[in-house]
Amino acid sequence: MARSFKAKQSFHVPARTGKGFPVRKGDLIRITDLHGQQPVDFWAINRRDLGEYLSCEHTKPSIEKLYPGQGDSAYTTHRRPIVTVLEDRSPGQHDMQFAACDKWRYKELGVKGKHASCTDNFHAALKSLKLRLPFTPQPWNLFTNFFINPDGTFAVKAPDTKPGDSIILRADMDSYVVVSACPQDMNLTCGGNPTDIQVEIGR
Ligand SMILES: [Zn+2]
């Protein structure tokens, strides 16, 4: 059964772009993969201290898993929960191993000239909130199927998300949230075809 969710704000985020917005403690954030196989890079930053932000490196020892599942929290650099997974209506692939894609990653993959990136989307979203960070925290890669083999090697596989799959996160502190509909089209991260996502904020 889906939990009740009353949206008070909704953002359509077009393929290859990002969006930043403030949330209050207790707000619910529903992120929907509208067309399937679309990873979403997710960042959350404490509104009162930009030095405290969602950290994959700090989350993994706190939950003793490679990434949070339903009922788990993601933790900050100060080892406090910043968001908690309330409901996961997706196959549950939410990678915490990889840096955001950036212009250097696309150059490495052979792109000549400009290519949209989650890193550029993150900093543009912060700018729209009149904020600035001089670095890029590692995002939590929702709907991302980096498959880790028992021997420590991994495979970049297309996500198993279907159109309309979603996750609901609860904000555990007043935060700035940034999402990026990943523009990776050089491998199977986005199933070869970056598409739009929907973000709703509710209670
Ligand atoms: Zn990306």
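1. Start with the open sheet. Four strands make it up, in the order β2-β11-β4-β7, and their pairing is antiparallel. The edges are held by β2 and β7 (140-142), each with a single partner strand, so one side of each has no neighbour in the sheet. From one strand to the next the twist averages 25 degrees. Bear in mind that this is a predicted model.

2. β2 and β11 are joined by 6 bridges and run in the antiparallel sense.

3. α3 lies across β2, β4 and β11, and it runs at about 45 degrees to β2. Of the 11 residues of α3 (residues 118-128), 8 are buried, so this helix is largely enclosed by the rest of the structure. The buried set is Cys 118, Thr 119, Asp 120, Asn 121, Phe 122, His 123, Ala 125 and Leu 126. These buried residues pack against β2 (18-23), β4 and β11 (175-181). Just after α3, Lys 130 takes a positive phi of about 60 degrees.

4. In soluble globular proteins, nonpolar side chains tend to be buried together.

5. Setting aside residues up to four places away in sequence, Ile 29 touches Val 23, Leu 169, Ala 171, Val 177, Val 199 and Ile 201.

6. Strand β10 is another enclosed element. In β10 (residues 165-171), 6 of the 7 residues are buried, so the strand is largely enclosed by the rest of the structure. β10 has 6 bridges to strand β3 (residues 28-33), and the two run antiparallel. β10 also pairs with strand β6 (residues 81-89), again in the antiparallel sense, over 6 bridges. Ile 168 ties the two pairings together. Ile 168 is the bridge partner of Arg 30, and Glu 87 stands opposite Ile 168 as well.

7. Check the loop between β4 and α1 (56-63), where Ser 55 is found. Is Ser 55 buried or exposed? Ser 55 has 21 C-beta neighbours inside 10 Å, so it counts as buried; the cut-off is 20 or more. Leaving aside neighbours within four places in sequence, Ser 55 is in contact with Tyr 75, Thr 76, Thr 77 and Pro 137. Ser 55 and Ile 45 are 10 residues apart in sequence, and their C-alpha atoms are 9.5 Å apart in space.

8. Finally, the whole protein. There are 3 helices and 12 strands. For 203 residues, a compact globule would have a radius of gyration near 17 Å; the protein has 16 Å, which agrees. Its C-alpha atoms fill a box of roughly 45 × 40 × 35 Å along the principal axes. Of the 203 residues, 41% count as buried. Among contacts with a separation of 6 or more, 74% join residues 24 or more positions apart.

Notes: Residues are numbered from 1 along each chain as its sequence is written. This is a predicted model: local features need pLDDT of at least 70, side-chain atom pairs count only at pLDDT 80 or more; totals for chains, interfaces and linings use all residues. Two residues are in contact if their C-beta atoms, placed from the backbone, lie within 7 Å. A residue is buried if 20 or more other C-beta atoms lie within 10 Å of its own, exposed if 12 or fewer, and partly exposed in between; C-beta atoms are placed from the backbone. Two strands pair if DSSP finds at least two bridges between them. Axes are lines fitted to C-alpha atoms, for helices over the stretch in contact, and angles run from 0 to 180 degrees between N-to-C directions. The radius of gyration is taken over C-alpha atoms; the globule rule is 2.2 Å times the number of residues to the power 0.38.
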